[in-house]
Structures are given as C-alpha cells and as structure tokens.
Amino acid sequence: MSKTLGNVIDPIDTIKDFGTDALRFTLALGTPGQDLNLSTERLTANKAFTNKLWNAGNFLLQNLPTQNDASAWKNILAYKFDSEESLIGIPLPERWVVSKLHLLIDMTTASYDKFFFGDVGRETYDFFWGDFADW
C-alpha cells in the first residue's frame, strides 16, 4: 500500500464496515515476512467467522443453568475430558468433537511454540467452522 498511489485502506473505515474482531483476525492470519492481501472478501469471511463465534458463545451462555442451580453445575463440572474413561459415557458425536478438540490443542500448542500465529488462527478457524459449529 502506498499513500501516494492512494491505495491505502483506512483501518477506521474497515472497522466500521467489518468490525474490529474481523480486522484483527484477518491480520493475525498473515504469514510473518510476507505481504498480506487485505481484501474485502477475506474481511467479509472473517466477519462471518467472528459472528459465528459470538453466536456460539451466546448460545452456550443461554443454555447454561442458573447460578442458583447447584446440582446442575455439579453435573457439568463433573465432566472431565482428559481421559478415555471420561469419554466413554458421552454420546458418539460429542466424543468425536472432543477428540477433534484435543487434536486442535496439540496442533495449536505446537504452532504457538514455533511462533506460527497465523497457523494457530487457521487451525482454530478450521476446527470451529468445520467441526464444532457444523455439528
């Protein structure tokens, strides 16, 4: 981008059109050392992704029990997804998503260790869009 050529994207206008989260996520997906093609198509796709994240979080919060329902919270907190024994009791689709989540955690941890933040974003996007929110 060049100010003299007039092809600079104003971040304030971009935030107004696509939102702060979409812009941040789009920039985070860039590969270090390479130019980033900041296109409106990419921003639109990432706006849809951040909207889906928001809606999924909102859905989860709306379906949680009230704070006063101690027995429901005790049942929720009793679930531990870190061993095979704990996964036996849940239905197959949930087991599949939890197994995909464990793979995501392993992949993103390895990417973070190598400072590949763009890979972390892409892996998270693929999991959330293609596995978690799809089911």
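These legends describe close-up views of a predicted model.

**View 1. The largest pocket.**
About 790 Å³ of space lies in this pocket. Its lining counts 21 residues, and the closest to the pocket centre are Leu60, Phe81, Glu94, Val97 and Phe132. Three helices, H3, H6 (92–113) and H7 (117–132), each give at least two residues to the lining. What classes of residue make up the lining? The lining has 17 nonpolar, 2 polar and 2 charged residues. Rolling a probe the size of a water molecule over the atoms shows where empty space is left.

**View 2. A nonpolar patch on the surface.**
Four residues make this patch: Leu61, Leu64, Ile76 and Leu77. Together they have about 380 Å² of accessible area. Where is Leu64 found? Leu64 sits in the loop between helix H3 (40–62) and helix H4 (70–78). Its relative accessibility is 37%, so Leu64 counts as partly exposed.

**View 3**
The structure holds 3 salt bridges, and one of them joins Asp21 to Arg24. The closest N and O atoms of this pair are 3.9 Å apart. Both residues lie in helix H2 (residues 20–28). They are 3 residues apart, about one turn of the helix. Asp21 is partly exposed because its relative accessibility is 48%, between the 20% and 50% cut-offs. Arg24 has 55% relative accessibility, so Arg24 counts as exposed.

Is Asp131 buried or exposed? Asp131 is buried, because its relative accessible area of 14% is under 20%. Lys100 has a relative accessible area of 27%, so Lys100 is partly exposed.

Why are Arg122 and Asp119 separated by about one helical turn? They are 3 residues apart in helix H7, which means a separation of about one helical turn. Arg122 is partly exposed, with a relative accessible area of 32%. Asp119 also counts as partly exposed, at 27% relative accessibility.

**View 3. Phe115 in its loop.**
Phe115 lies in the loop between H6 and H7. What is the phi of Phe115 near? The angle is near 60 degrees, a positive value in a residue other than glycine. Most residues other than glycine have a negative phi. Phe115 is exposed, because its relative accessible area of 57% is over 50%.

**View 4. Leu53 and Trp129.**
Leu53 has its place in helix H3. How far apart are Leu53 and Trp129 in sequence and in space? In sequence, Leu53 and Trp129 are 76 residues apart. In space, they are 8.9 Å apart, C-alpha to C-alpha. Leu53 is partly exposed, with a relative accessible area of 35%.

Conventions:
Residues numbered from 1 in each chain as written. Predicted model: local features only at pLDDT ≥ 70, side-chain atom pairs only at ≥ 80, totals over all residues. Heavy atoms only, no water. Patch = residues over 30% accessible without salt bridge, like charges linked within 9 Å, V, L, I, M, F, W, Y side chains within 5 Å. Areas by Shrake-Rupley, 256 points an atom, 1.4 Å probe, with all protein chains shown as cover. Salt bridge = Lys/Arg side-chain N within 4 Å of Asp/Glu carboxyl O. Helix = DSSP H or I, 4+ residues; strand = E, 2+ residues; numbered from the N terminus. Buried < 20%, exposed > 50% of the residue type's maximum accessible area, 1.4 Å probe, protein only. 1 Å grid on protein atoms, 1.4 Å probe; cavity = no way out; pocket = protein on both sides within 12 Å on 5 of 7 lines; lining within 4 Å. Points joined across faces, edges and corners; volume = space filled by probe spheres on them. Nonpolar A, V, L, I, M, F, W, Y, C, P; charged D, E, K, R; others polar.
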